[in-house]
Amino acid sequence: MNYAAIKKTDVANGPGIRVSLFVSGCRHRCRGCFNREAWDFHYGSVYTEDTEREILRALAPEYIRGMSVLGGEPMEPENRGTVLGLLREVRRNYPGKDIWCYTGYDFERDLLRWKAREELQEGNCSQAGELSETAELLSLIDVLVDGPFVEERKNLRLAFRGSDNQRLIDVRTSVNQGQTVCLTM
């Protein structure tokens, strides 16, 4: 996986001061996207173990509230495995910090469907004590900002998202309750 940037003191992509990783590669190609260069999967730098160590060190200060992963598109198949590995390490090293993820995919239509399909293909892996890749990613994310950026619905008054079709989803509560629970900010 490549990444476009790491912001070590980001205040725009979630509450508080955050470390944000902008991954490269996105098939959505939203009109009016603020990060068009990150559509290219080869843009930026190669993500390495050194990159991961740099991110984990940047998360160490107490004033850092959490991690945000955006792009590009963190949920593209080419990026999911690396993002999953990073989020596992963030949770292991910093269990008190929150994790936000921005995706152009729809929570119910895409991510929950991928989760169900992966579990069927793997013989209902969650019953065997293992999670599918999408299920594990969702289990590590506190807030998911879903949906593509829609230029016609751009709204500069919204907190932490660019267009009013995008939702701030409380992932854990949504999965536990079996219905999508959105945050209001």
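Helix axes are here lines fitted to C-alpha atoms over the stretch in contact, and angles run from 0 to 180 degrees between N-to-C directions. In this predicted model, helices α1 (residues 49–58) and α2 (residues 77–93) pack at an angle of about 35 degrees.

**Packing of α1 and α2**
- The axes of α1 and α2 lie 11 Å apart, and the crossing of the two helices is right-handed.
- On the α1 side, the contact involves Glu52, Ile55 and Leu56; these meet Gly85, Leu86, Glu89, Val90 and Asn93 of α2.
- Sorted by class, the contact of α1 with α2 comprises 4 nonpolar, 2 polar and 2 charged residues.

- Asn2 belongs to strand β1, which spans residues 2–10.
- Asn2 counts as buried because its relative accessibility is 13%, under the 20% limit.
- The Asn2 side chain reaches the backbone oxygen of Tyr43 at 3.4 Å.
- Leaving aside residues up to four places away in sequence, Asn2 touches Val23, Ser24, Phe41, His42, Tyr43, Gly44, Ser45, Val46 and Tyr47.

**Cysteines**
- A disulfide is a covalent bond between the sulfur atoms of two cysteines; with a cut-off of 2.5 Å between sulfur atoms, the count in this model is 0 disulfides.
- The closest cysteine sulfur to that of Cys30 is in Cys26, at 6.1 Å, and is therefore too far for a bond.
- Cys101 is likewise in no disulfide, the nearest cysteine sulfur being that of Cys26, 12 Å away.
- Cys30 is buried, with a relative accessible area of 14%, and Cys101 also counts as buried, at 1% relative accessibility.

Notes
Residues are numbered from 1 along each chain as its sequence is written. This is a predicted model: local features need pLDDT of at least 70, side-chain atom pairs count only at pLDDT 80 or more; totals for chains, interfaces and linings use all residues. Side-chain values use heavy atoms; hydrogens and water are left out. Helices (H or I, at least four residues) and strands (E, at least two) are DSSP runs, numbered from the N terminus. A crossing is left-handed if the near helix is turned anticlockwise from the far one by less than a right angle, and right-handed if clockwise. Contact means heavy atoms within 4.5 Å. Ala, Val, Leu, Ile, Met, Phe, Trp, Tyr, Cys and Pro count as nonpolar, Asp, Glu, Lys and Arg as charged, and the others, Gly among them, as polar. Buried means under 20% relative accessible area, exposed over 50%, partly exposed in between (1.4 Å probe, protein chains only). A polar contact is a pair of N or O atoms within 3.5 Å; within protein, one must be able to donate a hydrogen and the other to accept it, and residues adjacent in sequence count only if both atoms are side-chain atoms.
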